[in-house]
Amino acid sequence: MPLDAISRIDPEIAHLIADEERRQAEKIRLIPSENYVSSAVLEATGSVLTNKYSEGYPGKRYYEGQQFIDPIETLAIERAKALFSVDHANVQPYSGSPANLAVYLAFCKPGDTIMGMALPAGGHLTHGWNVSITGKFFKSVAYGVRKETGRVDLDEVRALALEHRPKLLWCGGTAIPRTIDFAGFAAIAKEVGAVLVADIAHIAGLVAGGAHPSPAAHADVISTTTHKTLRGPRGGMLMCRAAHAPAIDKAVFPGLQGGPHNHTTAAIAVALKEAAGDGFKAYAHQIVKNARALGDELLARGYDLVSGGTDNHLLLVDLTKQGVPGKKAARALDRAGLVLNYNTVPFDPRKPFDPSGVRLGTPAVTSRGMKEPEMKQIARWLDEGIRAAARDDEGPIETILGEVRELTKGFPAPGLERLAR
Ligand SMILES: *Cc1c(COP(=O)(O)O)cnc(C)c1O
């Protein structure tokens, strides 16, 4: 994006954006919820569609002048329906959290019982965790993972569901390295009369590309962000069976939101077109292969991976054995040019703000075209950086930073290719 206009009006912000561009180009970004959008998605996001109000839905708006907005939103909806094989799609949620809140509004009254995965086990805040509005306005029951396996225990889910009879049952989360058993969850939801919501925010791109099973045949509602593995703009979508479409649409607008963000809708449409292309299947599968390669090399170097490995794009590493807390490791690795986040591990004896683990993933590095050999190199750097952090040695950190710069030069980041020239 040329920053000429911003530079003239607001050099302070222009400089900060330019610095962030350089950061995204030069560093190895391993936060599993982040990615690089294409130049096409960036263009749509920065378009004049941001100037338009469009409360309502295509053909049923409360403002005039929708000649071009209606077909844009309709294209986004149709592409989402085709890509995820669903009856209905709503592309208006401002992001993943508002999308989830709309699901509560569509099916629940305040005080109703709902069930989701506990945050420290890998669930999302919006699945009923106590600090979230969803844990305050609803009676929330949380399931976890089995201590020995680090995986969801469907017997526990079923027992809790039978005991508490939730209105909503959430599956999916933010720190789950394993395949989600949508059919297993659907059987439990059916048995207790719950609405099953599959939150595929992290794995939507893997589902679209055939690298993770689809919830389409099992879930009543599918919620997703558009900006993680799906490689779209920051946004959200809700998809559902035809029978639930009126409730979902009413909950998003006028229930929760006002005007949709049309620039985002257009960018979602573009991202969905990209995700339907042939290259995307290979991309989704490469994300998984890369995560496995990264995990295998870390295992070989003695690291403890929660659940013993990964089926998807994400790894959770317990650093207890290495004797360095997650936050200290994450900070040191950031200085080394390897950006990830500290994270609780299941049954973490430490506090959430200073937990035992780190979370990392491969969507962004795969978007740059990196493959298994680069993953092995990254795992070596992670290991060296973590060991250096454990003994407060800044020397190796500086060395790694220089090597990271060299590697990233050969893998231009989408949307930032001009910085690699
Ligand atoms: C990221 C995420 C969300 C929330 O998305 P935001 O866009 O950050 O509000 C919801 N659910 C899951 C499982 C997520 O990973």
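This is a guided tour of the structure, stop by stop, for use in a viewer.

The model is predicted, so local features need pLDDT of at least 70, side-chain atom pairs count only at pLDDT 80 or more, and totals for chains, interfaces and linings use all residues. Residues are numbered from 1 along each chain as its sequence is written, and side-chain values use heavy atoms, with hydrogens and water left out.

**Stop 1: Leu-3**

Select Leu-3. This residue lies in the segment before helix H1 (4-9). Helices (H or I, at least four residues) and strands (E, at least two) are DSSP runs, numbered from the N terminus. Is Leu-3 buried or exposed? Leu-3 is buried, at a relative accessible area of 14%. Buried means under 20% relative accessible area, exposed means over 50%, and partly exposed is in between (1.4 Å probe, protein chains only).

Now show what surrounds Leu-3. Neighbours within four places in sequence aside, Leu-3 is in contact with Ala-14, Ile-17, Ala-18 and Glu-21. Contact means heavy atoms within 4.5 Å. Then set a distance from Leu-3 to Ile-13, 10 residues apart along the chain: their C-alpha atoms are separated by 9.8 Å.

**Stop 2: the two domains**

Colour domain 1 (43-275) and domain 2 (282-420) separately. These bounds come from an automatic or database domain assignment. The C-alpha centres of the two domains lie 28 Å apart. Domain 1 brings 23 residues to the contact, and domain 2 brings 24 residues.

How much area is buried between domain 1 and domain 2? The figure is about 1,900 Å², with 58% given by carbon and sulfur atoms. Buried area is the accessible area (1.4 Å probe) that two parts lose on being put together, summed over both. Select Pro-177, Arg-178 and Arg-231 on the domain 1 side. These residues lose the most area to domain 2, together 31% of what that side buries.

**Stop 3: the bridge between domains**

Side chains of opposite charge can pair when their charged atoms come close. The count between domain 1 and domain 2 is one salt bridge. A salt bridge here is a side-chain nitrogen of Lys or Arg within 4 Å of a carboxyl oxygen of Asp or Glu.

Select Asp-311 and Arg-178. They form a salt bridge, with the closest N and O atoms 2.8 Å apart. Asp-311 sits in the loop between S11 and S12, and Arg-178 in the loop between strand S7 (168-171) and H8, 133 residues apart. Arg-178 is buried, with a relative accessible area of 12%.

**Stop 4: other salt bridges**

The structure holds 22 salt bridges. Go next to Glu-191 and Arg-158, another such pair, whose closest N and O atoms are 2.8 Å apart. Glu-191 is in helix H8 (residues 182-192) and Arg-158 is in helix H7 (residues 154-164), 33 residues apart. Glu-191 counts as partly exposed at 37% relative accessibility. Arg-158 also counts as partly exposed, at 37%.

Move to Asp-392 and Lys-328. Their side chains meet in a salt bridge at 3.1 Å, N to O. Asp-392 is in the loop between helix H15 (372-390) and helix H16 (395-409), while Lys-328 is in helix H13 (residues 326-335), 64 residues apart. Asp-392 is exposed, with a relative accessible area of 60%, whereas Lys-328 counts as partly exposed at 34%.

Then select Glu-297, Arg-301, Lys-376, Asp-383 and Arg-387. Salt bridges that share partners join them into one network.

**Stop 5: a four-stranded sheet**

Switch to a cartoon view. Four strands form an open antiparallel sheet in the order S11-S12-S15-S14. Why is one side of S11 and of S14 left without a neighbour in the sheet? Strand S11 (304-305) and strand S14 (341-343) stand at the edges, so each has a single partner strand. Two strands pair if DSSP finds at least two bridges between them.

Select S12 (residues 314-318) and S15 (residues 357-361). They pair in the antiparallel sense over five bridges. Val-317 stands opposite Val-358 in S15.

**Stop 6: His-227**

Finish at His-227, in the loop between strand S9 (221-225) and strand S10 (236-240). His-227 is buried, with a relative accessible area of 9%. Leaving aside neighbours within four places in sequence, its contacts include Ser-33, Asn-35 and Ser-95.
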